[in-house]
Every structure is written in C-alpha cells, then in structure tokens.
Amino acid sequence: MAPLLEIKDLHAEISGGRKIIDGMNLTINPGEVHAIMGPNGAGKSTLSYVLSGKPGYEITGGEVIFRGVNLLELSPDERAAQGLFLCFQYPLEIPGVSNMAFLHTAVNSQRRKRGETELTSPELVRKVRELGQTLGINAEMLKRPVNVGFSGGEKKRNETLQMMLLEPYLCVLDEADSGLDIDALKVVSNGVNALRSPERSMLVITHYQRLLDYIVPDVVHVFAAGRIVHTGGKELALELEATGYAQYQNEAA
Amino acid sequence: MAAPTSAQIRPMKTSAELALAETFAAARAALPGGPDVAAQRAAAFGTFADAGLPHRRVEAWRYTDLRALMREARPLAAPPDAEAKSRAATAGAMLAGLGFRRLVLVNGALVPELSDLAGLEAGLSIRSMADALTTGDTLTAQLGQTVASSDAVLALNTALMGDGVVLHVAAGAVIERPVELVFVTTETTPVSMFTRSIVVVEEGASLTLIESHEGPSGVAYQVNTALDLVVGAGATVERVKITAEGSDAVHLATVLARVDATATFANTFFTTGGLVVRNQLLAHLAGEAIHARMNGVSLLSGKQHADTLLSVDHAAPAGESRESFRAVLDGSAQDIFQGKIAVRQPAQKTDARMLSRALLLTETAEACAKPELEIFADDVQCGHGCTTGTLDQQLKFYLMSRGIPAKESEALLIQAFVGEVLDAIGNEGVRSALTDATQAWLLGRE
C-alpha cells in the first residue's frame with residue numbers, strides 16, 4: 001500500500017529568517033490517525049502552514065509527496081483540490097461573504113479542478129444543511145458572513161463542517177481544541193471521528209493530551225526543535241502528560 | 001496711483017477657458033430660454049469666468065486640477081441625428097430588462113422616440129428641460145436655488161445647459177416603477193454636453209431615480225451634468241447614479257439636493273468608467289428628522305481618476321445621515337474622497353457617520369481621503385473614519401486553502417468589500433445588476 005503522505009528530510013524557514021522545520025521525516029498511510037505533540041514554539045503550526053502552502057515560508061530542503069504528487073509545487077488551492085484540508089487553529093472571519101456562498105464556491109472550485117461535475121445550489125444546500133445538523137449549525141449561521149461574530153466553538157464547528165463537506169484525504173488539525181469548551185470539543189471530535197475511514201488520514205497537531213481522549217490516534221510523535229524526536233503508540237500521549245517535553249527538548253538540542 | 005495688490009491676481013486664461021468663452025459667446029443666443037434664463041446664464045458665465053477652471057489652489061478641487069486635466073474645451077454636441085439615435089438604441093444595457101421607465105438622452109438631448117413617456121402614473125409629469133426653459137415652467141425657476149453653491153463647474157453648467165429632464169411627482173404619489181435617465185454619448189469626435197435636470201418630489205411622494213452615463217471609449221468627450229433635486233417633507237427618494245463613461249471621457253457631475261422634514265433620501269454612486277470623473281453631491285438637509293444615506297463605489301483601473309465631493313449639511317434637529325464609500329483601485333488609478341459633515345447650531349440630536357475605505361490592488365494606485373466635520377451644535381453624534389489598505393493576504397490564504405483559486409479568492413474579497421455598500425441599495429434589480437457589473441469588472445482585471 002502506497003503511503004498517503006511522505007515527508008522526507010524537510011527543511012523550512014520563515015522567509016528571510018529563522019529555521020523552523022529542520023530535517024523532518026514522517027510517513028502517513030491511508031486510514032491512519034497521527035498525532036504530533038510538542039511544546040509551544042516547536043514549529044507545529046509552521047508544519048501545518050508549510051503543508052498547506054501558506055505564503056511567507058521558504059522550503060530549503062526535502063520533499064513532501066502527497067497521493068503521488070510533489071505537494072510543494074502546488075498552490076494552496078491545488079493542494080486542497082488534491083485532498084488536503086487544514087483545520088485552522090484560529091479560523092478567520094470574512095465579512096461580506098456568506099457562509100453558504102463560501103462553501104458553494106469552495107466545493108465547486110475543487111470539483112472543477114478535479115474534472116467533476118459541479119453541485120447545483122439545491123444539491124449543495126441540502127448537503128450542507130444535513131451536515132450542519134450533526135454539528136449544531138443552523139440555517140442562520142449559514143446565512144451569516146463566514147465566522148463573523150461566531151464564538152470560538154462555532155468557528156471550530158464551522159471548520160469541521162467545511163472538512164466534512166470537502167471530504168479531504170488528509171485532514172490536518174492545528175490545535176483543534178483551542179478555544180473549545182468540553183461540549184464543543186465533543187461535537188467537533190464526533191465530526192472528525194465520523195470522517196475516519198480506511199482511505200482518509202488525519203494529522204492531529206496539539207500540545208495538550210485532552211483532545212486525544214476524543215480523537216484517538218494510531219501513532220503519536222513528539223515534535224521538538226523542528227523535527228520528530230520520538231514516536232510511539234497512543235499511550236505516549238499519556239506519558240507526555242505526566243513527564244512533559246523537557247527530556248525531548250534536551251534530546252533535540 | 002493704486003497700490004499693487006496680490007489678492008486678486010488671476011493667471012492668464014488657459015486655452016480651454018478661452019475656448020469656453022468663445023463657445024458661450026457663439027451659443028448663447030441659440031440656447032433655450034427667455035430673457036430671464038439668458039440673464040441667469042450670463043450671470044453664471046460671469047461666475048465661471050471670474051474663477052476660471054478649478055485648480056489645486058481651490059480647496060474643493062485640490063486633488064482634481066481641472067486646469068491641467070482639461071487642456072481643451074470641446075465644441076458643443078449637435079442635436080442627435082438619425083444615425084446617433086440608432087446608435088443609442090442599445091444604450092443602458094446594464095439595467096435593460098428591469099422594466100424601468102426609461103428616458104434616453106443622446107448627446108445631451110432628450111429623445112422622445114427612444115423614451116418611455118407613455119402612460120405616466122397619476123402624479124408623475126416629465127418633460128424636456130429645453131422645452132421647459134423655452135416655454136417657461138414654474139419648476140425651472142428653482143434651478144440653482146435648492147442649495148447655494150458658487151462652484152465654477154456648476155456655474156458653467158448653468159451658463160451652457162442645453163437639455164435634460166424636468167420631473168415632478170405630486171404630493172402623496174407613490175411611483176412604483178423606477179425612472180431611469182440614460183445619458184449616452186454617441187459622437188466619435190470629441191464634443192461636450194451640458195445637461196441639467198430638475199426633479200421635485202413633493203410631500204409624502206416617493207420615487208426611485210436611476211441615472212446612467214455611457215459613451216464610446218477612445219473619444220475625449222466632455223460631460224458636465226447637473227441635477228437639482230427636492231425631496232419634499234416626508235417624501236422618499238432613492239437615487240443611483242452609474243458612471244460608465246468611455247475610457248477618455250471627462251465627466252463632471254453636480255447634484256444639489258434639498259431634503260425636507262422627515263424625508264428619506266438615499267444616493268448611491270457607482271463609478272467604473274471615464275478618465276476623469278468628478279461627482280459632487282451637495283445635500284442640504286433642511287428639515288427635521290430626515291434620514292439620508294449617501295454611498296458610493298468606485299472601481300478604477302489604468303489611469304482613471306475619480307473624485308467624490310460630498311457636503312452633508314445638517315441644518316435641522318434630529319436628522320440621521322450615513323455615508324459609506326468604497327474604492328477599489330487597480331493599475332495607476334486614483335480615487336479621491338472629500339466628505340464634509342456640517343452640523344448647524346439648530347441641528348441638535350444629529351446623528352451622522354461617514355466612512356470611506358479604499359482598497360489598493362497595486363503599488364501604483366493611489367487613494368486620498370479628506371473627511372471633515374464642522375459642528376456648531378452641542379448635542380450630536382458625529383463620526384468619520386477612513387481606511388486605505390491592500391487585500392488581506394491571510395484571508396486570501398484561508399479561501400485558497402479551501403480550494404478557491406487565487407483570482408477567485410481576490411474577487412470574493414473585493415466583492416465583499418464593495419457589497420457592504422451595494423447591499424444597501426433598496427431596489428433589488430439595481431442591486432443585483434451592480435453586483436454583476438462588479439463581477440464583470442473583476443473578471444476583466446489583468
């Protein structure tokens with residue numbers, strides 16, 4: 001079975017500045033859920049941005065193969081159409097763009113790029129409403145501008161809705177639990193878990209073990225100083241909760 | 001011997017100013033109107049001649065130096081012939097099919113056979129300005145009386161006004177069907193047009209008035225158009241003005257609006273065309289407890305230059321006004337927004353807010369904003385703000401990360417930026433036509 005994602009000796013830095021990713025290797029097979037844990041400032045969010053193609057980062061070495069193509073050569077929208085989804089730590093507010101119009105444009109942009117037929121408005125509205133119900137997103141929230149005036153929990157539920165609608169092959173969840181109370185965390189986790197399938201993989205980035213009680217990983221990595229310094233099973237998350245990251249930071253340095 | 005004084009020095013007249021004087025001298029006998037009108041024209045030309053074309057030392061024209069931008073004055077357009085009329089048949093495409101009552105002015109003259117003058121609703125009367133000036137009309141006596149202004153460009157309009165529309169809505173008449181004035185230039189040689197209209201909406205009446213201006217690209221024609229507007233007590237007027245002139249046109253427009261007690265007045269400018277565009281709206285909010293909304297959108301590219309001058313004069317208590325302007329600037333375009341809210345001493349409890357925002361899509365585009373408040377009442381709420389910035393790259397990345405290509409992501413963000421103003425337009429057909437026009441403008445970007 002070919003891996004879904006292969007990161008090979010990846011080096012990246014903030015344009016004109018600091019080295020953030022420093023010789024990272026990671027292989028994710030279809031259907032696997034990987035967690036990346038690490039202290040604040042280790043470069044975890046940068047990893048999510050580098051994978052999704054955010055401007056402002058420079059790749060200085062290595063490669064990323066995603067579903068057989070070199071991900072680093074694609075623009076962010078092409079990466080999305082290829083099946084990569086980044087669930088933002090802090091989803092942005094887009095005044096003036098209605099949530100429904102945004103979802104419609106996103107879905108059909110991807111379908112167009114993949115040569116699939118576009119969804120009609122009624123088809124999309126029905127699908128969005130159905131998914132919205134499972135996440136507690138009502139018609140009012142769909143009419144409002146994207147994330148404008150949403151609470152932290154509503155924003156994350158909205159991210160989850162996008163993810164469920166776009167049906168990516170790889171979901172990168174960047175600190176999915178930040179800003180969430182326990183109820184919202186359960187709703188979001190349920191949404192994410194509903195997406196688990198033999199073809200779909202997850203990369204769950206977090207510095208806090210709690211989330212992994214709800215989204216149970218197959219593999220846990222410790223990320224420090226720009227690379228993976230230790231890998232284990234789901235029990236590793238609990239060990240880290242007890243011991244902290246200090247030993248790995250020393251190891252990396 | 002009188003001491004030399006520096007106060008009254010007038011520079012040499014420019015060739016455009018000299019040409020305008022010749023034009024006036026040659027045309028004045030043939031321009032419509034009796035002796036009273038002729039006297040009004042002569043006085044107005046005197047005002048213009050004293051001031052000359054506005055230049056950068058005239059504060060209201062500081063950013064639009066007409067003396068430099070209008071090197072030549074074009075000859076007056078001839079009345080439209082059959083060919084001009086046939087070319088005008090396709091004008092006003094942007095709002096075609098919406099079923100509005102359409103009045104078409106070709107090269108500055110109202111053309112009845114292209115206009116829908118049949119079956120006027122009870123209380124609505126419409127006639128040509130040239131007719132009204134020639135045969136006399138009580139309404140034309142109000143020309144220039146709605147708001148006092150000594151603006152040189154307006155004075156020039158008064159001196160040379162040829163045709164336009166005189167429109168009256170009787171008290172209490174609710175005119176459901178919008179009236180659309182389509183101003184089209186068909187001449188392929190550079191000409192000038194001076195159109196003047198007056199619209200009086202009496203007490204408790206209502207009207208939606210659309211104005212569109214278009215003409216051929218690549219022709220340096222000149223439009224000077226003015227409107228006297230009276231919104232009577234308790235009346236409602238929504239006006240939308242679309243400036244989609246040809247690429248080389250100079251378009252100068254003035255609105256003098258008087259708004260009486262408890263009336264509602266909404267005005268939206270939508271500017272995409274013309275090389276030099278000036279929209280001046282002088283709103284005298286004369287009565288108590290009026291509601292006014294004065295908005296605008298400019299979508300400019302290349303070397304386009306658009307200047308909006310807004311004067312919001314709260315003269316009576318408890319009025320509310322909202323002013324919101326958006327400019328999207330590509331290429332080396334320039335947008336100027338000068339907005340002044342004045343609150344006179346009696347106008348207590350005024351609530352006035354003004355916001356202008358410009359979006360620069362290139363490093364060579366330029367936006368100038370000059371907001372002013374002048375408040376003589378002590379119990380008011382007034383505010384103004386302006387922003388100038390580029391597209392938010394974080395938002396663009398967020399959209400792209402969902403699969404939306406770069407160009408479309410930008411278009412969505414720009415559409416949203418402009419949408420805040422367009423969404424306030426009450427007439428749904430116009431709102432969606434302007435949204436489509438914005439989309440078309442965005443697709444046409446390099």
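Guide: Start with Ser409(B), which is found in helix α8 (residues 406-422) of chain B. Helices here are DSSP runs of H or I with at least four residues, strands are runs of E with at least two, and both are numbered from the N terminus. This is a predicted model, in which local features need pLDDT of at least 70 and side-chain atom pairs count only at pLDDT 80 or more, while totals for chains, interfaces and linings use all residues. Residues are numbered from 1 along each chain as its sequence is written, with chains lettered from A and ligands numbered from 1 in the order in which they are written.

Visitor: Is Ser409(B) buried or exposed?
Guide: A residue is buried if 20 or more other C-beta atoms lie within 10 Å of its own, exposed if 12 or fewer, and partly exposed in between, with C-beta atoms placed from the backbone. Ser409(B) is buried, because 25 other C-beta atoms lie within 10 Å.

Visitor: With which residues is Ser409(B) in contact, leaving aside neighbours within four places in sequence?
Guide: Two residues are in contact if their C-beta atoms, placed from the backbone, lie within 7 Å. For Ser409(B), these partners are Lys396(B), Leu399(B), Met400(B) and Ile404(B). As for Lys370(B), it is 39 residues from Ser409(B) in sequence, and their C-alpha atoms are 31 Å apart in space.

Visitor: How many residues does each chain give to the contact between chains A and B?
Guide: Chain B gives 18 residues and chain A gives 20 residues. On the side of chain B that touches chain A, α7 (393-400) and α8 each supply at least two residues. The largest share of that side, seven residues, comes from α8(B). Sorting by class, Ala, Val, Leu, Ile, Met, Phe, Trp, Tyr, Cys and Pro count as nonpolar, Asp, Glu, Lys and Arg as charged, and the others, Gly among them, as polar. The side of chain B that touches chain A then has 10 nonpolar, five polar and three charged residues.

Visitor: At what angle do helix α2 and helix α6 of chain B pack?
Guide: Axes are lines fitted to C-alpha atoms, for helices over the stretch in contact, and angles run from 0 to 180 degrees between N-to-C directions. Helix α2 (residues 35-51) and helix α6 (residues 152-160) of chain B pack at about 150°, and their axes are 8 Å apart. Residues making this contact include Phe45(B) and Phe48(B) of α2(B), and Ala155(B) and Leu156(B) of α6(B). By class, the residues of the contact are eight nonpolar, three polar and one charged.

Visitor: Which residues of chain A have a positive phi without being glycine?
Guide: Two cases can be taken in turn. Arg67(A) has a positive phi of about 50° although it is not a glycine. Arg67(A) lies in the loop between β4 (57-66) and β5 (69-70) of chain A, and it counts as partly exposed because it has 15 C-beta neighbours inside 10 Å. Glu175(A), also not a glycine, has a positive phi of about 45°. The loop that holds Glu175(A) runs between β9 (170-174) and α7 (182-194) of chain A. Glu175(A) is buried, because 21 other C-beta atoms lie within 10 Å.
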